[in-house]
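User: Could you show me how to read the helix packing and the cores in a model like this one? I would like the general idea first and then the case at hand.

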Amino acid sequence: MIMFIIRRLAVAIPTLLILCIVTFYLMHAAPGGPFNSERPLPASVMANINAKYGLDQPLHTQLYTYLVGVVTEFDFGPSYKFKDRTVNDIIAQGFPVTLTYGFWSFIVATVLGISLGVVAALKHNSIIDYFAVGISIGAQVLPNFVMAPLLVWLFTLTLGWLPGGGWNGGQFPYLVMPIIALSTSYMASISRLMRSSMLEVLNSNFIRTARAKGLPSRKIIFGHALKPALLPVVSYLGPAFVGMITGSVVIDTFFSTGGIGQAFVNSAFSRDYAVMMGITILVGTLTITFNMIVDILYAWIDPKVRL
Amino acid sequence: MITDQLLSNDLAEADVAGRSLWMDARVRFMRNKAALFFAVVLFLIVLFTFLGPLIAVTDHETIDFSMIGQAAEKGQPSIANGHYFGYDDEGRDLYSRVIQGTWISILVGVIGASVAVVIGTLYGAIAGYFGGRVDSIMMRIVDILMAIPFMFVLILLLVVFERSFVMLFIGIGMLSWLGMARIVRGQTISIKNKEFIEAAVASGVGNFTIIIRHIVPNLLGVVTVYATLLVPEMILTESFISFVGLGVQAPDTSLGQLINVGAGTLQYGTKWQLMFPLGFFVVLIFSLFFVGDGLRDALDPKDR
């Protein structure tokens, strides 16, 4: 197990490094610097600014300084647009928001998706099954950017039950729509995966054996069938998690929740490359870490995977 | 005697009517009522994007200045004045815009999927065919790329290098060939030990000719299936990018952009500005998923 984790880390670290380097060079390949405004600054002022931000150094020196800063002090540098804020400040403000609704969406999608899939498989070809399949097919074509306006139309404009946006410290009414919008399509995918793999497991020999020796259904389902049936779902959790973090871009834009997605889009439009890069690296790190956790989880559940 | 005769007739006939993979697939697909229905729907949508403009009053760019700011009161959909889907907030005919948006979305989906297919197939086939160290290095690269949050990198790309169609395709293509490469590699490995490849090697055919002439054609079934499933994903990606405001540039539009705009003006009571593009989007994605699913059932040799 430890060897496996070490091996995974050995891949994860170069990946992160590549991501850092690519985004860094991308940022600097951008036409125009961060301080080019409508009115060109005098050359001496420009030189001073560049010196202050270290932009007069050769690119690889800058990259090195940046990486050292990130690794040793967790310092992603200053924001180019907001003089009084660092990238860290911006992330520290937005990230908890994203994490809050991302986490709950993840829980909702996984729990509901798995339960729906299991129930559908257990009641195969019944009304419940068709209902579950119907929901999951319908929800597949409702990605977050389609769900968000529909929810607002229904709950805010028509029924007037929920506030149409804002965060307000993450109070419940403000959380409902982001979570529904973010989790729906993932719930659908998870329930489809769960249903088909559960059906496969339920028809396998060892379940027949368990039934033949007279185990109660509850024990068969929870003790024997659930674990192997979860495998495809577990491997889907990685992409699902990434999707939810990415979905933050839409959720924040639409509901003005103020997560890192909003910070990312704002920085994209104001060309605040330092912030964009910081967020990209943060999300990359999260993605890689999470995929690693999922892989380890997978290996732990599936006895066929040799570590 | 007669039975013999019949039998040989039967055999002869069976010989003549040898069923290829594709014929087989067509028969299976035709039997799948849902897939067939949605294939027809898909065809109708495509047909609509061609024929629809013929009955449009104005094209997607023309602005009716008297409508600006009054879309909510006067811009409702109406058959009488020819603006079947009403006006958008800038006084343009929504009917024409939806057609344009649908067309662009389909285009992005198809081109994006093609990019992914070409790169992914070649990459996967090369990795699978050569095997060994080449394979493990190439696949490690895929693993590494897969772990990168491409949506963020794509947005970064679009901002840094100005929004453009080409950049959008490069970005979307980059996002999507990875899965294809993995699938193709797996299939190639199972094909490359077959006799006909051995025969080709023995008769001195070059490696790349073997890949292009002998391996790739045998991958077409799998590739087709994943390509059709990729198209809706590409459309979703493009719509996502458009929703954020980095997609196709005005006056051109795409379904994602129309949905975004329609969602923004929802509070003023212009429901149709959201519902028409949304309807087209949902039906389009739905049909593509069903057709893809049907094709998978028809072409996947595992289910025979």
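Analyst: Gladly! Helices (H or I, at least four residues) and strands (E, at least two) are DSSP runs, numbered from the N terminus. Read that way, chain A runs α-α-α-α-α-α-α-α-α-α-α from its N terminus, which comes to 11 helices and 0 strands. This is a predicted model, where local features need pLDDT of at least 70, side-chain atom pairs count only at pLDDT 80 or more, and totals for chains, interfaces and linings use all residues. Residues are numbered from 1 along each chain as its sequence is written, while chains are lettered from A and ligands numbered from 1 in the order in which they are written.

User: How do I read the packing of helix 4 of chain A against helix 11 of chain A?

Analyst: Two packed helices are described by the angle between their axes and the distance between the axes. Axes are lines fitted to C-alpha atoms, for helices over the stretch in contact, and angles run from 0 to 180 degrees between N-to-C directions. Here, the axes of helix 4 (residues 87-122) and helix 11 (residues 273-301) of chain A come within 9 Å and cross at roughly 55°. Angles under 35 degrees count as roughly parallel, over 145 as roughly antiparallel, 65 to 115 as roughly perpendicular and the rest as oblique; helix 4 and helix 11 of chain A are therefore oblique to each other.

User: Which residues of helix 4 of chain A meet helix 11 of chain A?

Analyst: Two residues are in contact if their C-beta atoms, placed from the backbone, lie within 7 Å. Val87(A), Ile90(A) and Ile91(A) in helix 4 meet Ala274(A), Val275(A), Gly278(A), Ile279(A) and Leu282(A) in helix 11 of chain A.

User: How many residues of chain A are in contact with chain B?

Analyst: On the chain A side there are 35, in contact with 30 residues of chain B. Elements giving two or more residues to the chain A side include helix 1 (2-29) and helix 9 (217-255).

User: And which residues have the most contacts inside the largest nonpolar core?

Analyst: A residue is buried if 20 or more other C-beta atoms lie within 10 Å of its own, exposed if 12 or fewer, and partly exposed in between. A nonpolar core is a set of buried Ala, Val, Leu, Ile, Met, Phe, Trp, Tyr and Cys residues joined through C-beta atoms within 7 Å. The largest one has 148 residues, and those with the most contacts inside it are Ala148(A), Phe264(A), Ile279(A), Leu154(B), Ile155(B) and Ile259(B). Helix 5 (residues 94-130) of chain B gives the largest share of this core, 17 residues. Leaving aside neighbours within four places in sequence, Ile155(B) is in contact with Ala268(A), Val244(B) and Leu246(B).
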